[in-house]
Amino acid sequence: MILSTADQHSIGYGPRPPQELLAHLDDYIAEMRREEPYVLGFPGNLDFEFSRLSGLLDIFVNNVGDPGSTDKSDVGAKAMERAVIDFMAGLANAKPEQIYGYVAGGGSEANQFGLDRGCTMLPEAKIFCSRDAHYSIRKNARLMRKELVVVDCDATGRMDADALAAACRSEAGRGAVVVATIGTTMAGAIDDVDAIIRAAAPAGQVYIHLDAALGGLLAPFTEHRRTWGFLRDEVGSLSVSMHKMLGMPVPCAVAMCRSELVDTRVEGEYVGATDATLGCSRSGLASSLLWYSLASRGIAGLEHNARIALETAAYTATKLEDAGQHPALHPESIVVVFDRPADWICRKYHLATEGDRAHIVTVPHVRKAVVDELVRDLVDSRASSRAVAGLDATVADRLSQWLTDYIERPHDDLGRSGAICPFVEPALRAGGVVVRTAAWEPAYGAGELARVVEDAVATFESTEWAVSDPNRQAVVVALPTMPEHQWPLVDDVHRQLKRQIVEAGLMLGQFHPKCSAPAVRNTAFPIDRAPVPLFVVRRMAVHDILFLADDPHWFRTYRARFGDLYDSGRVRDTELLAYYARARVRHRNESPELE
């Protein structure tokens, strides 16, 4: 019985065996590790190593109240938290004594902290943000029962200063709390803080919260370093998601504001701590890991991270441009936006999408080699999409993925290097693959399926191929509506017709989701698996001795076509030579001419 995800994780009345739970977690960890290189679309640096600090998992670390306050429990890591805040204040162009801050559970909480400070200072003010601001701004405004004004963006993706000015003219005397984004979610645009301050001035006093979730560990190392952060008096608060660029095993963020904006008082006598945070009890584990990560890198290490990420973004944009994907990359940004690819590519690379565009965020774990793999998939996907043009969208997507993500790729169980079928990629690129679907009814049987194959052979023979190389020509006929209980018919008809097909100088491949046909070099690997039942017709090639050596009739046809190549010494592959020699010996009684 296959358990559902919920069943696998269900917690019952009694304990489950530790070995079972640990094995389950080991599998989970291995799966996550396999996916890590391909997480390109979401900003979380996965290039980190904290296993040496595993002892932290065996102690309780709870930071209660303000980082600078003592508390009665005294089981926290506040000294490390204060060091993190002091360090981050310096990166944001402020002195530690000017800043109050703490380690929050994530960017959304840090944004709410900043908005709360601004709205406390300007209680009559509305909150303003750009159309492309993070959705947590909308959520926080709703939770705070504050009116939110969403301002349009200009052509570069930044908040439109003219639109903001127009919105603020009717707010005279009330002030304005404005969120400026230092790296928008989908496009990576950086709002012009000076232009925002000028535009919001008609409302009166202006409070700026900088949402630097992604850009907070980039801006200090770019041309923005001399103007960003708390250098403008109007900037009252700032948030940085630390797991995005730095890399952390738990989400966390730094929430900071000017010291004069908080009223530190004892909020709960029983804990004995002053507390201006939103969360009271906070993860001391996160503070400990942040301190270790920042201290082990220093400013030089963070600058190196930023430089590598920016270089990879530029490389990615160039590669996507060469592939015709219309990329867009803002200056000093690591978010590369491009044409939305096929769904299977979005899934494979964990791409974030919006409408007809997708993006990659080149945080430090993103490698150029994986970008190159993505570009190859994009090019191959277009070729396979051309091959499946006109098919049902769902079937087309599944077959495209099968062709480009399985058939064209190496496999650990194959028993040799190279792709499952090394001829598919060049055939797709050359436009030499024709994909069709055949109608199928549950009442059909082997006779009807044989006619499907005969029609596929006729299609192959009658096609006016755009490519002359016979090794780059193939017809694929899929039967997506064939029910599972009839899949064995595919194997039966393949056995029935193979001799006839081979004698015509062709090869017939059979595939379906449960096909047991083994790989030549690893009989434990069922190589002929496909998402739907299908047949492939192609020309016989020299390497097909691997599939035609076992039957005297198959081998006779093969030898008639390629024997001269062996006799003249033009076949030099030792494996093919060995198969050919063994077949001659094995079948000499059935075919005397093989003597």
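# A walking tour of the model

Start by selecting helix α6 (residues 161-168) and helix α7 (residues 193-200), which pack at an angle of about 25° with their axes 8 Å apart. That angle makes α6 roughly parallel to α7, since angles under 35 degrees count as roughly parallel, over 145 as roughly antiparallel, 65 to 115 as roughly perpendicular and the rest as oblique. Axes here are lines fitted to C-alpha atoms, for helices over the stretch in contact, and angles run from 0 to 180 degrees between N-to-C directions. Helices (H or I, at least four residues) and strands (E, at least two) are DSSP runs, numbered from the N terminus.

Before you move on, a word about what's on your screen. This is a predicted model, where local features need pLDDT of at least 70 and side-chain atom pairs count only at pLDDT 80 or more, while totals for chains, interfaces and linings use all residues. Residues are numbered from 1 along each chain as its sequence is written, and side-chain values use heavy atoms, with hydrogens and water left out.

Which residues of α6 and α7 make the contact? Show Ala161, Leu164, Ala165 and Cys168 on α6, then Ala195, Ile196, Ala199 and Ala200 on α7. Contact means heavy atoms within 4.5 Å. By class, you have 8 nonpolar residues here, no polar and no charged ones (Ala, Val, Leu, Ile, Met, Phe, Trp, Tyr, Cys and Pro count as nonpolar, Asp, Glu, Lys and Arg as charged, and the others, Gly among them, as polar).

Next, select helix α17 (residues 552-567) and helix α18 (residues 574-586). Their axes come within 12 Å and cross at roughly 125°, so α17 and α18 are oblique to each other. On the α17 side, show Phe555, Tyr558, Arg559, Gly563, Tyr566 and Asp567; they meet Leu576, Leu577, Tyr580, Ala583 and Arg584 in α18. This contact divides into 7 nonpolar, 1 polar and 3 charged residues.

Rings of Phe, Tyr and Trp (its six-membered ring) pair if their centres lie within 6.5 Å; planes under 30 degrees apart count as stacked, over 60 as edge-to-face and the rest as tilted.

How many aromatic pairs does the structure hold? There are 12. For one of them, pick Phe48 and Phe50: the ring centres are 5.7 Å apart and the planes are at 40°, so the pair is tilted. Phe48 is partly exposed at 24% relative accessible area, while Phe50 is buried at 12% (buried means under 20% relative accessible area, exposed over 50%, partly exposed in between, with a 1.4 Å probe and protein chains only).

Now jump to Trp402 and Phe511, an edge-to-face pair with 5.3 Å centre to centre and 75° between the planes. Trp402 sits in helix α12 (residues 393-407) and Phe511 in strand β18 (residues 506-511), so look for two distant parts of the chain, 109 residues apart. Trp402 is buried at 7%, and Phe511 is buried at 11%.

Select Ala253 in strand β8 (residues 253-258). Is Ala253 buried or exposed? At 0% relative accessibility, Ala253 is buried.

Last stop: Arg145, in the loop between α5 (135-143) and β4 (148-151). Arg145 has a positive phi of about 60°, although it is not a glycine. With 69% relative accessibility, Arg145 counts as exposed.
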